[in-house]
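Take a look at the structure below.

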Amino acid sequence: MNKFIIQVNGTVYGSTASFRALRFTESVLSLGHQVTSVFFYQDGVTNSSKLISPASDEHDLHLAWSRLATEHNLNLVNCVSAALRRGVLSDQDAKENRKETSNASKQFVMGGLGELVTNIEQSDRLICF
Amino acid sequence: MKKICVIFRHSPIGNASNREGLDFAMLSASFEQEVSIVFTDEAVMHLLAEQQPELVGSKDYLSTFKALSLYDIETVLVCQESAKQFGLSANDFNFEAEMASTHQIQTLIQQANEVVVY
């Protein structure tokens, strides 16, 4: 068994990076490996927006990540500074920045790059998408 | 402690990816990882002096590269093939970096535990 940390840099829509990351994560878990966390960085933070509303015949990657996380008790972490720059805010971020609303789903926890590095150190392999 | 090699591939202008890669590199170094950096393709333009990223709406993160040695990031390589394509010589470098052959870069990548591309 190996410990993986998955980094998602690709946006929720318009590139296939996040989809490939999702499939890779599913595959790793189905083979009995461990995923220490999925870290969303750069445009990847858009995956955590609960406002994502694709057409009914399209993939809803936000929903897919949330479901996978619930099913496998996965740790989904957003880089908070990358998220704030791109308009993805938790309830607390919205309050602190005096914004009317928040949009980050509760499945995704806001964290820092420090968590990424600590998890890299504790994992066997980092895979970036 | 892991050996982390951060590779920059994009031009400093028109892409925020580099800035986020730099944040990652510096944070990894401050978390006691052994970090090395490679500039290749259009990213070799990071080495040029007197750029004004503010004029195109970017933050001036370029001057931060001068601080790499303060973070104990000692291995900073510039792909000599890419540098040649962009007409850069080592004299043009605005911060401490070393011209490297593809072979040297290959060796660095092989020795790294993780390779992250920005």
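## A patch of negative charge

This is a predicted model. On its surface, five residues gather in a patch of negative charge: Glu121(A), Glu32(B), Glu34(B), Asp72(B) and Glu74(B).

Take Glu34(B), one of this group. Glu34(B) sits in strand β2 of chain B, which covers residues 34-39. Is Glu34(B) buried or exposed, or in between? Its relative accessibility is 42%. Buried means under 20% and exposed means over 50%, so Glu34(B) counts as partly exposed.

## A nonpolar patch

The surface also carries a nonpolar patch, formed by Ile13(B), Leu55(B) and Val56(B). Together these residues have about 310 Å² of accessible area.

Where does Val56(B) lie? Val56(B) is found in the loop between β2 and β3 (75-79) of chain B. Its relative accessible area is 52%. The cut-off for exposed is over 50%, so Val56(B) is exposed.

## The build of chain A

Now turn to chain A. How many helices and strands does chain A have? It has five helices and five strands. Read from the N terminus, the elements of chain A follow the order β-α-β-α-β-α-α-β-α-β. The radius of gyration of chain A is 14 Å, close to the 14 Å given by the globule rule for 129 residues, so chain A is as compact as a globular protein of that length.

Along the principal axes, the C-alpha atoms of chain A fill a box of roughly 45 × 35 × 25 Å. Of the 129 residues in chain A, 49% are buried.

Notes:
Residues are numbered from 1 along each chain as its sequence is written. Chains are lettered from A and ligands numbered from 1 in the order in which they are written. This is a predicted model: local features need pLDDT of at least 70, side-chain atom pairs count only at pLDDT 80 or more; totals for chains, interfaces and linings use all residues. Side-chain values use heavy atoms; hydrogens and water are left out. Patches are made of residues with over 30% relative accessible area and no salt bridge: like charges are joined within 9 Å, nonpolar side chains (Val, Leu, Ile, Met, Phe, Trp, Tyr) within 5 Å. Accessible areas come from the Shrake-Rupley method with a 1.4 Å probe; for residues, only the protein chains shown count as cover. A salt bridge is a side-chain nitrogen of Lys or Arg within 4 Å of a carboxyl oxygen of Asp or Glu. Lys and Arg count as positive and Asp and Glu as negative; His and the chain ends are not counted. The place of a charge is taken as NZ of Lys, CZ of Arg, CG of Asp or CD of Glu. Helices (H or I, at least four residues) and strands (E, at least two) are DSSP runs, numbered from the N terminus. Buried means under 20% relative accessible area, exposed over 50%, partly exposed in between (1.4 Å probe, protein chains only). The radius of gyration is taken over C-alpha atoms; the globule rule is 2.2 Å times the number of residues to the power 0.38.
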